[in-house]
Amino acid sequence: DNENMHMKNVEIYQNERYMPLGGWSSNNLMLTDRNTYSTADGSTGWSTLSEANDALLSRGWSWDNPENRGESQWNVDISSDCTDSEGWTYSVDFSSLNDTEKGSAVKGMMHFVRRRRMYRSKYLDVSLICNMDNLTCDFCDSQEIDRLATLFLEKLCSASIAKHPRMISDLKINTLKNSFIDILGFKEDIQMYSFESLSNDLDKYVDDCKNALSMASSALSSGNPNEQINKRISEISQVYFPLEERRQLAKVLIQKRDSVFSYHCDQKNCGHHCPFAYEHCPHIDCPVIYSRKWSNQHDQECPQKIIECERHCERHVMRRLMKNHLMDECVLRPVECSFASLGCESHLLQKDLKDHMECCQSDHLELTLKRILEQQGIISQLYHRMTEQETRGASLQQELRRMEGMIAAGALALKASETRHEGALQDQIAKVEQRCVKRTSDLQAKVHSETVALTKSIREVAATQKK
């Protein structure tokens with residue numbers, strides 16, 4: 001197989017509208033409808049297949065299969081239950097055609113739009129990016145390729161969020177990827193490779209992608225930024241920027257710019273004797289592929305490698321299961337005697353536990369009897385204390401009843417005293433009222449006599465004045 005070749009299927013939808021006199025045609029599409037060809041959600045569209053073909057290819061991709069140079073063709077999908085024999089799906093309008101509403105395979109009276117899915121294969125061919133004739137080494141350092149592939153994904157995701165914070169499509173990502181490839185400098189004759197310098201250049205590219213709309217959207221977004229980044233990374237890595245493409249770009253970049261041959265060799269057609277030749281990990285179920293120069297390092301780290309127990313118990317287990325083995329399975333792991341809580345202080349290994357239990361039965365029985373006697377002593381003390389508490393409780397009950405009797409007697413005495421004081425107070429009030437009445441009567445008599453005398457005096461004065 002051509003290792004520079006990677007195939008990916010792309011899809012578009014052909015859209016048409018029905019007119020009573022004109023029938024089905026893309027010419028009947030209204031201004032608010034999707035274009036003749038569009039993405040599944042209609043966010044991006046093209047008037048002709050030629051425009052779609054150009055937009056759906058980013059640099060390094062071709063419709064031609066590098067193996068046979070035959071051009072792939074658009075195919076109509078008729079596999080769905082919601083399509084007719086020509087692949088058309090019918091509906092009331094385009095907005096109703098989504099993941100939950102698939103449309104109908106038969107035209108109804110109210111169906112005025114239809115679409116059909118078309119798919120085609122495109123192929124990754126890195127020879128389209130730069131001239132491969134002068135490149136050496138059939139392989140490159142696997143660790144550096146993985147590091148670059150991760151960097152490419154992170155920076156492209158950051159650029160896509162900065163440029164298109166809400167929604168992405170093939171067209172949007174392809175535009176970013178083309179600019180991204182220009183930053184990597186495949187066309188330039190740069191004889192120097194530095195991961196840090198490349199990372200700084202890509203950071204500047206991400207900053208250049210930021211605009212007022214993206215910054216406003218980020219400020220207004222209520223979601224977690226890390227969740228947004230992780231979601232975008234998952235989407236781009238699976239659909240728009242697959243690992244194989246990133247690895248191929250990283251490989252060509254190293255071949256192009258690593259002039260000191262730190263991450264690839266200086267031989268053409270070097271073959272599998274090259275120190276950077278790829279090897280599959282020989283251990284069961286380990287999917288890692290690494291350069292030969294890293295085989296010893298990976299062998300020391302591979303979680304699937306079966307290794308001898310660290311305690312040399314003669315068992316061999318996978319490295320990733322060693323921790324569980326040492327804790328739960330190893331016969332040389334330190335354990336406590338089952339009678340440790342009763343006072344057995346023996347330090348044992350798991351393999352010696354059975355013999356210890358058999359040979360120390362008398363000692364364990366003695367410890368058990370000793371503990372039973374201790375427990376009996378404690379029970380006796382607790383019983384004695386319980387008896388004392390019961391006795392004290394009974395005396396407190398008697399004292400409580402005596403206090404209740406005293407309180408009742410005091411209440412009666414208080415009530416009698418209140419009654420006596422109330423009677424005496426009533427008598428005093430009556431006496432005061434009598435004195436007040438008598439005093440009032442005396443004052444009224446005195447006022448009357450003085451009034452009579454004053455009247456008599458007035459009459460005498462008047463008579464005197466008359467005379």
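Helices α2 and α6 cross in a right-handed sense. The model that shows this crossing is predicted. Helix α2 covers residues 142–163 and helix α6 covers residues 225–240.

**Geometry of the crossing**

- The axes of α2 and α6 come within 9 Å, and the angle at which they cross is roughly 115 degrees.
- Because angles of 65 to 115 degrees count as roughly perpendicular, α2 is described as roughly perpendicular to α6.

**Residues at the contact**

- On the α2 side, the residues that take part are Leu153, Leu156, Cys157, Ser160 and Ile161.
- On the α6 side, their partners are Gln228, Ile229, Arg232, Ile233, Ile236 and Ser237.
- Sorted by class, the contact between α2 and α6 consists of 7 nonpolar, 3 polar and 1 charged residues.

**The protein as a whole**

- The secondary structure of the protein amounts to 11 helices and 14 strands.
- The radius of gyration of the protein is 51 Å, whereas a compact globule of 467 residues would have a value near 23 Å.
- Taken along the principal axes, the box filled by the C-alpha atoms has dimensions of roughly 160 × 110 × 55 Å.

**Burial and contacts along the chain**

- Of the 467 residues in the protein, 34% are buried.
- When contacts between residues at least 6 apart in sequence are considered, 59% of them join residues at least 24 apart.

Conventions:
Residues are numbered from 1 along each chain as its sequence is written. This is a predicted model: local features need pLDDT of at least 70, side-chain atom pairs count only at pLDDT 80 or more; totals for chains, interfaces and linings use all residues. Side-chain values use heavy atoms; hydrogens and water are left out. Axes are lines fitted to C-alpha atoms, for helices over the stretch in contact, and angles run from 0 to 180 degrees between N-to-C directions. Helices (H or I, at least four residues) and strands (E, at least two) are DSSP runs, numbered from the N terminus. Angles under 35 degrees count as roughly parallel, over 145 as roughly antiparallel, 65 to 115 as roughly perpendicular and the rest as oblique. A crossing is left-handed if the near helix is turned anticlockwise from the far one by less than a right angle, and right-handed if clockwise. Contact means heavy atoms within 4.5 Å. Ala, Val, Leu, Ile, Met, Phe, Trp, Tyr, Cys and Pro count as nonpolar, Asp, Glu, Lys and Arg as charged, and the others, Gly among them, as polar. The radius of gyration is taken over C-alpha atoms; the globule rule is 2.2 Å times the number of residues to the power 0.38. Buried means under 20% relative accessible area, exposed over 50%, partly exposed in between (1.4 Å probe, protein chains only).
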